[in-house]
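Subject: Structure for you to look at

Hello,

Here is the structure you were waiting for. Please open it first, then read my notes below.

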Amino acid sequence: MEFSEYDTNALLTITNRPPLVFTEGDGMWLTDHNGKRYLDYLQGWAVNCLGHSPQCVQDALAVQAKKLINPSPAFYNEPSIRLASMLVENSCFDRVFFANSGAEANEGAIKLARKWGKLNKNSKGENRYEIITFDHSFHGRTLATMSASGKTGWDTIFAPQVPGFPKATLNDLGSVESLLTDRTVAVMLEPVQGEGGVIPATREFMKGLRELTQKHGLLLIVDEVQTGMGRTGELFAYQLSDTTPDIMTLGKGIGAGVPLAAMLCREEIACFEPGDQGGTYNGNPLMTAVGAAVLDELLKPGFMKSVQDKGAYLSAELLNLSDRHGLQGERGEGLLRALKLGKEIGPQIVELAREMGPVGLLLNSPRTDLLRFMPALNVTTEEIDQMISMLSETLRKLGH
Ligand SMILES: *Cc1c(COP(=O)(O)O)cnc(C)c1O
């Protein structure tokens, strides 16, 4: 079938899509409407942590769909109780609120911090509500999470913004300190800025932030929508720096492709009262059954070690490729990595790699001088080798 035979006009344009319709996925591979296969280093934007259509997700969906799909969040259901308990047992948090997207989980975190700031007023008896966030950060596409994000231009597209999100500079503790006021209630950051170009917060910065927030009675919120669920080689990226945040949000990998997200907090600050927060699909058994199956996989002995090994292998191979093609090196944590091109050729590489035959390669260029790699956590070394050789060929074709 030709692409032109599809009538795509009924879809609202929200992004520029290539003229392809994907019909099947299996592990690291996607197939389009013509049967052409693509090695997929996007994986739904770091979402499919176990690759496309993994067996454990298929099984969890099939089994749970027959049993119970959604009794309403007004009642308890077994999979959500099980997944919440697993998350609490394997993190520094005590309570879990389930949501359907990363942005919604972050909205929950923002609301919880504001509620806590209302209960813990400043010395003048005023509510505290300001949450310091960072330049180039990304927290989602709702009004509040866009306002919290530090993406260029986002302060004006849908003006007026939701107030109360002053922006500091990542890895610059002084810039955070200089934004503190008696209205400040929290600091919120991604342990590795994903959309911003895979920029890790340093271990020292994370530790420094924890000390600073503790000293001033502020909450530390980590947005682990992209970095959580094993992506960095630890189950959660805050563990890389041995810090203990107050609130964490999860999304993407937790559902391995299905819409599931979560907001976790410590007992001391779990201040929501009935009516403060909720949502029709929150914690439904169909999605939380998938989350539990995914976490079961990640917790299998040796799984996290294999992510660390694959991350180290990808890092070394990217560095080799960078040396061979005169590029600027690479950076990242675990299996969230970026290749620094040193020239504005990212979009050209993405297009040529995709159009390559007989098989294509799907890559992402979050900035024009950068490529980002978000493979499935169970990617094989052969699939890394194949990507490197396809990327190398693409670079050669472009004369680099
Ligand atoms: C993707 C992402 C979000 C938004 O998640 P959605 O599920 O798209 O709403 C928020 N924060 C970070 C760090 C992300 O990478």
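Between domain 1 and domain 2 there are 5 residue pairs in polar contact, counting pairs with both residues at pLDDT 80 or more. A polar contact is a pair of N or O atoms within 3.5 Å; within protein, one must be able to donate a hydrogen and the other to accept it, and residues adjacent in sequence count only if both atoms are side-chain atoms. Strand E9 (199-200) and helix H8 (285-298) each give at least two residues to the side of domain 1 that touches domain 2. Helices (H or I, at least four residues) and strands (E, at least two) are DSSP runs, numbered from the N terminus. By class, that side of domain 1 has 7 nonpolar, 7 polar and 5 charged residues. Here Ala, Val, Leu, Ile, Met, Phe, Trp, Tyr, Cys and Pro count as nonpolar, Asp, Glu, Lys and Arg as charged, and the others, Gly among them, as polar.

A word on the basis. This is a predicted model, in which local features need pLDDT of at least 70 and side-chain atom pairs count only at pLDDT 80 or more, while totals for chains, interfaces and linings use all residues. Residues are numbered from 1 along each chain as its sequence is written, and side-chain values use heavy atoms, with hydrogens and water left out.

The domains

Domain 1 covers 55-298, and domain 2 covers 303-346 + 353-368. These bounds come from an automatic or database domain assignment. The C-alpha centres of the two domains are 27 Å apart. Domain 1 brings 19 residues to the contact and domain 2 brings 14; contact means heavy atoms within 4.5 Å.

About 1,400 Å² is buried between the two domains, and carbon and sulfur atoms give 62% of it. Buried area is the accessible area (1.4 Å probe) that two parts lose on being put together, summed over both. Val-198, Arg-231 and Gly-233 supply 36% of what domain 1 buries against domain 2, more than any other three residues.

Salt bridges

The structure holds 16 salt bridges. The term means a side-chain nitrogen of Lys or Arg within 4 Å of a carboxyl oxygen of Asp or Glu. The count between domain 1 and domain 2 is 1. Arg-203 and Glu-333 pair through their side chains in a salt bridge, at 2.7 Å from N to O. Asp-246 and Arg-266 form another, with the closest N and O atoms 2.9 Å apart. These two residues are 20 apart in the chain.

The ligand

Which residues are around the ligand? Among them are Ser-101, Asn-106, His-139, Glu-190, Asp-223 and Lys-252. A polar backbone atom of Gly-102 is 2.8 Å from a ligand oxygen. A polar side-chain atom of Gln-226 is also 2.8 Å from a ligand oxygen. A polar backbone atom of Phe-138 lies 3.3 Å from a ligand nitrogen.

Backbone points

Most residues other than glycine have a negative phi, and most peptide bonds are trans. Two places have a cis bond, with omega near 0°: Ala-159 to Pro-160 and Gly-357 to Pro-358. Pro-160 is in the loop between helix H5 (143-148) and strand E6 (167-168). Ala-46, in helix H1 (residues 43-46), has a positive phi near 65°.

Best wishes

Notes:
Near = heavy atom within 4 Å.
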